Amino acid sequence: MAKAGRQGPRASVWLNGEGHRSGRRGGQPSGLDRDRITRVTVRLLDAEGLAGFSMRRLAAELNVTAMSVYWYVDTKDELLELALDAVFGELRHPDPDAGRDWRAELRALARENRALLVRHPWSSRLVGTYLNIGPHALAFSRSVQNVVRRSGLPAYRLTGAIAAVFQFVYGYGTIEGRFLARVEDTGLSPDEYFRDSMNAVTEVPDNAGVLQDAQEIMAARGGDTVAEMLDRDFEFALDLLVAGIEAMVERG
């Protein structure tokens, strides 16, 4: 049966022993399992977002009663934690035996994380809501730590370097994901939406000077499509962060 949600630092499916449970408990309805429930949850969140998600909506998608779902998770929060860790399982990790340069591996991890945030826009909000200590999230964190450790930074600088790179990725991927979700709601392509938005803002007289400067900067950057512009900005910002790590290593 459903239990009241708990508060405090130990309020996590991964700390109460429920996160790794996959089988049915006694008396649970047949035809369901936690993996299937989690997969459908992710699909609904992708389609309808957090605002449109509910246990009743999930139950209807599964063609069961809402109470049947509660045999597998005690609360909606537990299910959202499971869904968050499930999408972290999509991330590809560098092969530690491949002998690649740490810079290339750090860039690859950053790109993977950005793509995840864009592919699942709801996940960015949950990252800040829950502890995010499921097995897939911890595996990604371990890969990041191992790569940054090989940069040569002293141990007491590692967390700062990781924060610089992946908080940038979090912000960039979150804004990009929300932008693309808004575009999708209009029925326009990203390029059409961008052109219409720029034209509308240009019509406001007070904006003319600022927009002219912005357009000159964007033209200098290059990129014929919104996707190209987003990629170029992301890659250059990532280069700046990698260069910053290198500079700090050289400083000693």
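**Salt bridges and nonpolar core**

Twelve salt bridges are counted in this structure, a salt bridge being a side-chain nitrogen of Lys or Arg within 4 Å of a carboxyl oxygen of Asp or Glu. The model is predicted, so that local features need pLDDT of at least 70 and side-chain atom pairs count only at pLDDT 80 or more, while totals for chains, interfaces and linings use all residues. Residues are numbered from 1 along each chain as its sequence is written, and side-chain values use heavy atoms, with hydrogens and water left out.

Salt bridges
- Arg114 meets Glu176 in a salt bridge (2.8 Å, N to O), and this pair links helix H5 with helix H8 across 62 residues; helices are DSSP runs (H or I, at least four residues) numbered from the N terminus.
- Arg114 also meets Asp231 (2.9 Å, N to O), and because Asp231 lies in helix H11, that pair ties together parts 117 residues apart in sequence.
- Arg114 is buried at 9% relative accessible area, whereas Asp231 is partly exposed at 37% (buried is under 20%, exposed over 50%, partly exposed in between, with a 1.4 Å probe and protein chains only).

Nonpolar core
- The largest nonpolar core has 57 residues, and Leu58, Leu106 and Phe166 have the most contacts inside it; such a core is a set of buried Ala, Val, Leu, Ile, Met, Phe, Trp, Tyr and Cys residues joined through side-chain atoms within 4.5 Å.
- Helix H11 supplies the largest share of this core, eight residues.
- Leaving aside residues up to four places away in sequence, Leu106 touches Val147, Val148, Val165, Phe166, Val242 and Ile245, where contact means heavy atoms within 4.5 Å.

Methods: Helix = DSSP H or I, 4+ residues; strand = E, 2+ residues; numbered from the N terminus.
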